[in-house]
Amino acid sequence: MTLTYDANLVEFVSAKSLDEGVHLLNIGKETAGKLRLIAASEGAEHSITGDRELFELTFKAKPVSQGTEGKIAVEEAVLADSNGMESKTTVTSMSIYVNVNTDKTALNNLIREAQNVHDGATEGTQIGQYPVGSKQILLSAIQKASSVANKNQATQAQVDGAVAALQQALNTFKASVNTTIPGDLNGDGKITIGDLAIVAVHYGKTSASPDWELAKKADINGDGVIDVKDLAAIATKIIG
């Protein structure tokens with residue numbers, strides 16, 4: 001039996017018989033990518049008939065820069081009966097695919113970390129919560145990274161790029177956590193008359209005011225003017 005294979009993708013390692021009554025007598029490498037196997041059965045009771053597995057061939061994949069498809073084929077198979085009459089069998093082949101040798105450990109670990117952070121986060125305006133819509137942004141980044149992790153043909157450069165992108169998205173999400181309550185201008189963890197007083201002190205100031213950097217925290221609605229709308233916003237939070 002003569003077999004051919006793509007020597008650029010795989011190298012032949014070994015062959016063995018799967019039938020105790022059939023022996024592999026010789027394994028010859030005629031040229032790169034071509035093997036010749038000679039086998040014989042032990043008497044008529046072990047004659048090769050029907051459709052069954054006879055041999056196990058082991059090949060080792062070679063390093064490739066990108067996923068590549070190839071095949072291993074039986075180029076010719078000759079059988080001989082007890083009278084020495086030879087006959088050729090139907091040839092066949094099988095497709096193989098050699099993946100790029102990429103290390104996805106860091107990517108898979110980061111995906112798990114990001115998913116855990118996402119699942120444990122709550123959106124809202126309270127301290128420790130995250131801005132509304134931020135979880136969906138993180139989830140989209142996780143899904144993009146997962147598509148690379150699940151891609152057999154992904155190169156190491158693509159994997160490394162996915163790690164960098166997801167890490168950035170995760171860092172951005174973590175940094176967006178609310179550390180103060182909107183309207184808590186004096187930083188005491190609650191909204192009270194004290195916060196209303198701070199808005200009142202800066203009443204009438206605008207983004208053109210010389211001390212705007214100090215006063216702008218009292219611009220509750222962010223319109224560049226500290227006015228009755230900002231006072232009302234704080235009052236509503238106090239009541240609510």
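## Close-up views of a predicted model

View 1. Ser-209 is found in the loop that lies between helix 4 and helix 5; helices (H or I, at least four residues) and strands (E, at least two) are DSSP runs numbered from the N terminus. The model is predicted, so that local features need pLDDT of at least 70 and side-chain atom pairs count only at pLDDT 80 or more, whereas totals for chains, interfaces and linings use all residues. Residues are numbered from 1 along each chain as its sequence is written, and side-chain values use heavy atoms, with hydrogens and water left out. Is Ser-209 buried or exposed? Ser-209 counts as buried, since its relative accessibility is 19%; buried means under 20% relative accessible area, exposed over 50%, and partly exposed in between (1.4 Å probe, protein chains only). Pro-210 also belongs to this loop, which runs between helix 4 (193-201) and helix 5 (212-215). With a relative accessible area of 88%, Pro-210 is exposed. Ser-209 and Leu-18 are 191 residues apart along the chain, and their C-alpha atoms are separated by 89 Å. For Pro-210 and Ile-72, the C-alpha to C-alpha distance is 79 Å at a sequence separation of 138 residues.

View 2. An unreviewed UniProt entry carries the annotation "domain: Dockerin" for residues 178-240; the positions are given in the numbering used here, feature names are shortened, and annotations may be inferred rather than shown by experiment. Over residues 178-240 the chain is 40% helix and 0% strand. The end C-alpha atoms of this stretch are 19 Å apart.

**View 3. Domain division of the chain.** The protein chain is divided into domain 1 (2-98), domain 2 (104-176) and domain 3 (193-239), with bounds that come from an automatic or database domain assignment. A distance of 47 Å separates the C-alpha centres of domain 1 and domain 2.

View 4. In the order 3-4-1-6-9, 5 strands form an open sheet with antiparallel pairing; two strands pair if DSSP finds at least two bridges between them. Strand 3 (22-31) and strand 9 (93-98) stand at the edges with a single partner strand each, so one side of each is left without a neighbour in the sheet. From one strand to the next, the twist averages 20°, where axes are lines fitted to C-alpha atoms, for helices over the stretch in contact, and angles run from 0 to 180 degrees between N-to-C directions. Strand 1 (residues 2-5) pairs with strand 6 (residues 68-76) in the antiparallel sense over 4 bridges, and Thr-2 stands opposite Glu-76 in strand 6.

**View 5. The hairpin of strand 3 and strand 4.** Strand 3 is joined to strand 4 (residues 34-41) by 8 bridges, and the two run antiparallel. Leu-24 stands opposite Ala-39 in strand 4. The hairpin leaves 2 residues between its strands, and Gly-33 in the turn has a positive phi of about 85°.

View 6. Tyr-5 has its place in strand 1 and is buried, with a relative accessible area of 11%. Leaving aside neighbours within four places in sequence, the contacts of Tyr-5 include Val-10, Phe-12, Gly-33, Lys-34, Phe-59 and Ile-72; contact means heavy atoms within 4.5 Å. Tyr-5 and Lys-34 are 29 residues apart along the chain, with their C-alpha atoms separated by 6.4 Å.

**View 7. The nonpolar cores.** Which residues have the most contacts inside the largest nonpolar core? They are Leu-107, Ile-111, Ile-142, Val-148 and Leu-166, in a core of 18 residues; a nonpolar core is a set of buried Ala, Val, Leu, Ile, Met, Phe, Trp, Tyr and Cys residues joined through side-chain atoms within 4.5 Å. Helix 1 (105-120), helix 2 (134-149) and helix 3 (156-175) each supply at least two residues of this core. Helix 2 gives the largest share, 6 residues. Not counting residues up to four places away in sequence, Ile-142 touches Ile-111, Ala-114, Gln-115, His-118 and Leu-166. Apart from this core lies another, of 15 residues, among them Leu-3, Tyr-5, Phe-12 and Ile-72.

**View 8. Ala-80 in strand 7.** Ala-80 is found in strand 7 (residues 78-80) and counts as exposed at 57% relative accessibility. Ala-80 touches Met-85 and Glu-86, not counting residues up to four places away in sequence. The C-alpha atoms of Ala-80 and Ser-47 are separated by 9.9 Å, and these residues are 33 apart along the chain.
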